[in-house]
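Q: Hi! Could you walk me through this structure?

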Amino acid sequence: MCPLRKQAERKNGSITLLTGNHDMWAFSYLFHEEIEGISPNDALIQMVNTGKGLVAFLPLAGINIPKNFDEMGIENQRKFIREMLKPAEVRGAIRHAIAQSPELQETYGQYQVLHRIDDTLFTHCDPTTNMMEDLLERSEQAGSLDAALLKLNGEYQQSLRHCLAHPEAHPTDNYRKIVNTYTATGNRETFASYTIATELRAKGINAIIHGHTPPGLTTHGDYDAKKFVREFLIISADRSALKDENMRFRRSVATIGKDGVIIGGEDKRLYRTR
């Protein structure tokens, strides 16, 4: 991340980290906190089964990574990580190491839930009804969308940083609500409605760029949701939402609603297969 950040700075840019479901699982494990009905142990299993990023936690607990780790094969790597990270004392050692490292606290503590640039909203997960309704409600309470985003990200970061700095601390109820609404993947069933789309546009949002799209998310048969997509440029960096079943594992550069018809990046050959 540091080299990328330096490259951005040389071009007068910056890097913004968005939190997502993998971060949620990692923090669920670290804080020994059940989130979205997933136990800390299940969160560890889920995290390891979908990648090996948790291997970076091992040195924090004084556990050496085998020199032949890269040649072990993915299943043996996952088994090794699971067995090493499962003991409570290992998790505790990792939390104490993070609490003693201002650099790690700053790295993990700078995640944002949502980010806005001009008329574009950036989010890790797709714009579901629960997420957009919560954002609009926060906007009304805060007086503006920008104020709501500032408060939302601030509340998330405050609870996260407190837990990172204090090994015995647990996340707040507000933190739990935020991650369950904005980063959990088990409640992401439909895109938001047309009514929500018009409210977002009234607040200056014309495009949404997101990453994670669960396989089950769809608007098929839901005309109101299709009207939501028609109002926006929706850019998905993950699976192709809103497509037929046999297309959903292809990536979209864009999913554009035009005259009520869904037009995907596949139509323009602007995609990469998984």
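Q: What should I know before we start?
A: This is a predicted model, where local features need pLDDT of at least 70, side-chain atom pairs count only at pLDDT 80 or more, and totals for chains, interfaces and linings use all residues. Residues are numbered from 1 along each chain as its sequence is written, and side-chain values use heavy atoms, with hydrogens and water left out.

Q: Thanks! How many aromatic pairs does the structure hold?
A: There are six aromatic pairs. Rings of Phe, Tyr and Trp (its six-membered ring) pair if their centres lie within 6.5 Å; planes under 30 degrees apart are stacked, over 60 edge-to-face and the rest tilted. One of the pairs is F57 with Y108, edge-to-face at 6.4 Å centre to centre and 80° between the planes.

Q: Where do F57 and Y108 lie?
A: F57 lies in the loop between α3 (40-49) and α4 (74-85), and Y108 in helix α6 (residues 102-109), so their pair ties together parts 51 residues apart in sequence. Helices here are DSSP runs (H or I, at least four residues), numbered from the N terminus.

Q: And which aromatic cluster has those two in it?
A: F57 and Y108 form one cluster with F27, F31 and Y111.

Q: Is F57 buried or exposed?
A: F57 is buried, at 7% relative accessible area. Buried means under 20%, exposed over 50% and partly exposed in between (1.4 Å probe, protein chains only).

Note on methods. Helices (H or I, at least four residues) and strands (E, at least two) are DSSP runs, numbered from the N terminus.
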